[in-house]
Amino acid sequence: MRLAPALALVLAPFAAGAVSLLVNNSNATVAVGASKCKTLQLVASWDLGTQPLSGEVVQLIGARDPGSCTTNPPSPTPQINRPEPLAQTGTDTVSANQLAQTDGGPGGCDDPAIAAASSASPLTNVLCVQYRASGGLFSASVNVSYALAKPTPPRALSYTPGDRHFRVYWTAGNDAENIATWDVHVVPVGGTSNGPVATTVSGDTKTNADVEHTDDDTLLQNDAGYTVTVVAHDTYGNVSDPSASITATPVPSSDFYEHYREEGGSATGGHGCTTGGASAWIAGGALAMALLLRRRRKARNGAALLAVFALLAPSARAEDRPSPRFLVGFKMDRYDPKVDSEPGLTGTPYHDVFGPRAPPRYQLEFDWEVAHPFGSLLIGATAGFWQNYGKAILVSSTPGTVQRSQDGTTLNVFPLGVIATYRFDWLADRWERFPFIPYAQAGLMRALWVSYDGRGDVSSPQQGGGRGSGWTSGYTTALGVAVNLNSLDPVLAREAFVDTGIQRTALFAEYGWTYLSNFHRGGALILSDHAWRFGLSVEF
């Protein structure tokens with residue numbers, strides 16, 4: 001038993017190296033601002049990592065210089081130096097006002113040096129616990145940082161108008177200050193703020209904000225003036241004076257669908273994703289496809305026509321494997337829908353908003369190879385996505401001269417279809433080095449279109465009625481040629497078939513015509529186009 005005290009004496013210096021200190025339950029720097037400098041209590045809690053022995057010393061130190069925590073006796077002499085009970089853990093409290101010390105000043109929160117410190121150049125003191133063990137001196141500390149001065153008010157306010165909203169921009173008054181948040185105050189011209197804010201944004205991410213309502217949550221109105229100011233809150237809880245004010249005025253503008261309706265467009269929309277007609281149309285196509293596949297399965301063992309063509313083929317296929325059953329293709333093109341071709345339009349609403357841009361359209365195709373009569377007959381489905389982004393049109397634009405707003409507007413199109421394809425792959429099937437596979441394609445199409453305004457909502461014109469989403473039906477055709485990549489390395493292609501089941505991989509180019517106008521019945525957003533398309537297909 002006499003060995004235990006000796007062992008504790010030997011191990012004490014190593015255990016004491018784990019001294020830890022928390023101030024207000026954290027070891028992070030404590031930020032002290034003007035609002036809490038005289039009221040904040042700093043609760044220090046420590047753990048020495050070992051039970052101190054008789055004759056050792058534990059002290060709580062508050063100092064300007066961190067060196068006071070690591071010297072014995074503490075040097076420079078600390079402003080706070082309290083002996084603490086000899087125990088492994090302990091707690092003591094110091095007020096932020098007590099620790100607010102400066103070099104040569106009177107100290108306290110009223111000290112001019114403390115009061116003048118800002119978040120750009122805070123004054124930092126240290127609170128530490130010092131353990132003078134028989135094996136050495138150990139300590140742990142937490143910084144306490146003071147910044148009592150107000151942040152510099154934001155400056156250089158400006159704005160860009162939108163339809164029933166505007167975006168406010170500003171510059172930090174002092175880039176060196178640590179700003180936590182910005183409050184944007186918006187009141188009608190001549191009014192005063194009653195406390196709430198129109199919006200608050202994080203100070204470390206941006207210096208602009210989109211505003212849709214006033215401080216009292218009243219929605220902004222077009223052509224009405226609003227007084228805008230911005231206030232900064234720093235990370236110490238200090239609040240700046242308001243910035244110099246500006247007057248901002250929302251202005252009416254028309255998103256794509258609104259402009260289209262104003263120019264005489266007849267598509268009233270209003271169906272969008274909620275219509276049952278689209279579901280029935282797609283379900284009917286799927287049912288027809290299923291019936292064809294069912295017939296194909298029943299006739300699989302009795303395809304006399306295929307036997308006739310087999311007699312015309314060379315003595316053996318280039319590759320001893322079954323005919324492909326599925327084809328998956330991915331294609332893309334530049335899509336420029338002919339919205340402006342609608343009879344009765346008084347202008348060019350689509351190109352007014354989107355200009356000459358023709359963003360890429362992406363489509364995915366899945367086909368079942370139902371028969372191989374001197375080639376391959378495929379029945380399948382296709383789905384795609386396309387999006388164009390433009391600027392809304394100011395309502396104040398003079399006829400014949402459109403002026404674009406700062407508001408954005410978006411048109412999304414989701415084309416869906418059921419298609420039939422004939423591929424003349426008979427030569428490629430029989431001569432493995434033959435690279436070309438011409439084909440023709442036709443099918444029924446239906447496209448969901450959705451127009452969004454500058455706030456990301458589906459367009460809903462205030463005049464003229466209608467809703468910015470709907471369906472347009474039609475048909476599609478295409479002529480193309482695929483380049484059989486198997487012809488480049490037939491041996492590798494056979495290995496791919498054995499390992500993965502992939503029969504053929506091809507690159508293709510096609511010229512397609514899509515006629516989406518509700519079969520010329522009117523009342524539809526015309527989404528017809530014609531363009532070159534390029535893609536990749538895989539058969540298995």
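**Reading the bonds and contacts**

Mentor: Counting the bonded cysteines along the protein chain, the disulfides follow the pattern 1-3, 2-4. Keep in mind that this is a predicted model, in which local features need pLDDT of at least 70 and side-chain atom pairs count only at pLDDT 80 or more, while totals for chains, interfaces and linings use all residues. Residues are numbered from 1 along each chain as its sequence is written, and side-chain values use heavy atoms, with hydrogens and water left out.

Trainee: How many disulfides does a search of the whole structure find?
Mentor: A disulfide is a pair of cysteine sulfur atoms within 2.5 Å, and the search of the whole structure finds two. In one of them, the sulfur atoms of Cys37 and Cys109 are 1.9 Å apart. This pair links distant parts of the chain, 72 residues apart, with Cys37 in the loop between strand 2 (30–32) and strand 3 (41–47) and Cys109 in the loop between helix 2 (96–99) and helix 3 (112–116). Helices (H or I, at least four residues) and strands (E, at least two) are DSSP runs, numbered from the N terminus.

Trainee: What is the torsion about the S-S bond of Cys37 and Cys109?
Mentor: The torsion is about -90°, so the disulfide is left-handed.

Trainee: Is Cys37 buried or exposed?
Mentor: Buried means under 20% relative accessible area, exposed over 50%, and partly exposed in between (1.4 Å probe, protein chains only). Cys37 has a relative accessible area of 1% and is therefore buried, and Cys109, at 4%, counts as buried too.

Trainee: Which cysteine forms a disulfide with Cys69?
Mentor: Cys69 is bonded to Cys128, with the sulfur atoms 2.1 Å apart. Here Cys69 sits in the loop between strand 4 (57–63) and strand 5 (80–84), whereas Cys128 belongs to strand 7 (residues 123–133), so that the pair links distant parts of the chain, 59 residues apart.

Trainee: How many aromatic pairs does the structure hold?
Mentor: Rings of Phe, Tyr and Trp (its six-membered ring) pair if their centres lie within 6.5 Å; planes under 30 degrees apart count as stacked, over 60 as edge-to-face and the rest as tilted. The structure holds 26 such pairs, among them Phe256 and Tyr350, which are edge-to-face at 6.2 Å centre to centre with 85° between the planes. Because Phe256 lies in helix 4 (residues 256–262) and Tyr350 in helix 7 (residues 349–354), the pair ties together parts that are 94 residues apart in sequence.

Trainee: Which residue forms a salt bridge with Asp333?
Mentor: A salt bridge is a side-chain nitrogen of Lys or Arg within 4 Å of a carboxyl oxygen of Asp or Glu. For Asp333 the partner is Arg361, the closest N and O atoms being 2.6 Å apart. Asp333 is in strand 17 (residues 326–334) and Arg361 in strand 18 (residues 360–371), 28 residues apart. The side chain of Arg361 also meets that of Asp529 in a salt bridge (3.3 Å, N to O). Since Asp529 lies in strand 24 (residues 529–539) and Arg361 in strand 18, this pair ties together parts that are 168 residues apart in sequence.
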